[in-house]
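Please walk through the fold shown below, beginning with the chain as a whole and then turning to its cores and to a few individual residues.

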Amino acid sequence: MPVITEIEDLKRIYKRRVPKMFYDYAETGSWTEQTFRENSSDFDKLRLRQRIAVDMTGRNTATKMVGQDVSMPVALAPVGLTGMQHADGEILAAKAAEKFGVPFTLSTMSICSIEDVAENTEKPFWFQVYTLKDDDFMRRLVDRAKAANCSALVITVDLQIMGQRHKDLKNGLSAPPKLTLRSMANLATKVPWGLEMLQTKRRFFGNIVGHAKGVSDPASLSSWTAEAFDHSLDWERIKFLRSLWDGPVILKGILDVEDAKMAANVGADAIVVSNHGGRQLDGALSSIRMLSSIVEAVGDKIEVHLDSGIRSGQDVLKAIAMGAKGTYIGRAFVYGLGAMGEKGVTKALETIHKELDTTMALCGRRDVHDLDRSNLLIPKGFEGDWVE
Ligand SMILES: Cc1cc2nc3c(=O)[nH]c(=O)nc-3n(C[C@H](O)[C@H](O)[C@H](O)COP(=O)(O)O)c2cc1C
């Protein structure tokens, strides 16, 4: 067992273990990947204020996200095809999350279905929907999430149209992988991954195949995906989608103050400041840069969360100190999952928790609720000095 001390260690093992097609799928942003890179590098520009001689006993990282108890302000973000990173990946990640006391968010584009994850876990998880054209399918999807006792609905609002990721096109990304000479040559070097995958029946898009009209076999899925997303989405439609769910609703993918103000008016409980991990509009600013102005504009009306670029507990602390009430990790948990299944996701969560807790102590804070901008050194112009 290698010594794992940071998320980067899990990423190295993940890269060796998982087929290139799925590693590339996660470790990619759209077009030039500028936003993908800056999501993380902008965290590094924020520095921490060291404080001493403050009693650091009895520290607390527990808080609430949309009214639900969490052991730290970190949820697992919805990640499509998680079940291709490791056999039964969504179930394993959900198990790790529930044991750790943080929310797991199941993607519409998951391999394990809503029902499958519910049957194999004990606590409620969150469900993410894309904004799709087909009302009937949307309603059924939401009803299935209700029946599975999901405790929050995450509506992703930044994917009406898909950002282009060069590697996915070049690799011919598909689930399960299509067998070409190139993919077979790579799969031959990933034997443990392949053997585990052969032992599970969960290899297709579990929420869609057999549920969406005209998609009874996986071959027709790519055309369904291209056609299914609602290009005409507007705020009225978002209001309607919100009305389908009685419990907490989280709007994911807000990166602009004006959009945040609109979101605060449609009856959502939280927004996620997010650029989809740099996978949509390349050239957009990083989430952490946009956070302060959004918190300032709507933080007193709606809970503000953040994702994109978090790779450590220090990043979590910086987001919370800048005003977020919760954060999400996408790739950071995928690295753990691909590296070593449920144990790897637990390792990722433990690593982030330890970094958050120790950093909090060294910043002279005992409680995650006490973190604020005074714990940070924010460079001048960090939020941008753009021509109006
Ligand atoms: C491989 C991958 C697949 C994703 N699939 C989805 C998805 O199905 N639905 C969604 O709302 N967001 C999806 N996202 C975006 C994540 O929910 C989240 O916003 C992003 O990963 C955060 O950035 P991070 O990976 O740097 O933490 C995906 C991200 C990745 C990396």
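Two residues are said to be in contact, or to touch, when they have heavy atoms within 4.5 Å of each other. The model is predicted, and local features are given at pLDDT of at least 70 and side-chain atom pairs at pLDDT 80 or more, whereas totals for chains, interfaces and linings use all residues. Residues are numbered from 1 along each chain as its sequence is written, and side-chain values use heavy atoms, with hydrogens and water left out.

The protein chain is built from 16 helices and 12 strands, where helices (H or I, at least four residues) and strands (E, at least two) are DSSP runs numbered from the N terminus. Its radius of gyration is 20 Å, close to the 21 Å that the globule rule gives for 388 residues, so the chain is as compact as a globular protein of that length; the radius is taken over C-alpha atoms, and the rule is 2.2 Å times the number of residues to the power 0.38. Along the principal axes, the C-alpha atoms of the chain fill a box of roughly 60 × 50 × 45 Å.

Of the 388 residues, 57% are buried, a word that stands for under 20% relative accessible area, with exposed meaning over 50% and partly exposed the range in between (1.4 Å probe, protein chains only). The accessible surface of the chain comes to about 16800 Å², and 54% of that area belongs to carbon and sulfur atoms; these areas come from the Shrake-Rupley method with a 1.4 Å probe, and for residues only the protein chains shown count as cover. Among contacts between residues at least 6 apart in sequence, 74% join residues at least 24 apart.

The interior can be followed through its cores. A nonpolar core is a set of buried Ala, Val, Leu, Ile, Met, Phe, Trp, Tyr and Cys residues joined through side-chain atoms within 4.5 Å. The largest such core has 113 residues, and those with the most contacts inside it are Leu251 and Ile271. Helix α16 (residues 331-362) gives the most to this core, contributing 13 residues. A second, separate core of 12 residues includes Met65, Ala77, Trp126 and Val154.

What does Ile271 touch beyond the residues up to four places away in sequence? Its partners are Leu251, Ile254, Ala260, Ala263, Ile294, Val298, Ile302, Glu303, Val304 and His305. Leaving aside neighbours within four places in sequence, Ile294 is in contact with Ile254, Leu255, Asp256, Val257, Ala260, Ile271, Val273, Gly299 and Val304. Ile294 and Glu258 are 36 residues apart in sequence and 8.7 Å apart in space, C-alpha to C-alpha.

Glu33, in the loop between α2 (20-26) and α3 (34-45), is buried because its relative accessible area is 15%. Lys11 has its place in helix α1 (residues 7-17) and, at 16% relative accessibility, counts as buried. When residues up to four places away in sequence are not counted, Lys11 touches Tyr23, Glu27 and Tyr335. Thr359 lies in helix α16 and is buried, with a relative accessible area of 7%, and beyond residues up to four places away in sequence it touches Leu48, Gln314 and Leu317.

Some features of the backbone complete the picture. A cis peptide bond, with omega about -5°, joins Ala175 and Pro176, and Pro176 lies in the loop between α8 (166-171) and α9 (181-187). Asn149, in the loop between α7 (135-147) and β7 (152-156), has a phi near 70°, a positive value in a residue other than glycine, and counts as exposed at 51% relative accessibility. Ser308 also has a positive phi, near 95°, and is found in the loop between β10 (303-306) and α15 (313-321), but Ser308 is buried, with a relative accessible area of 5%.
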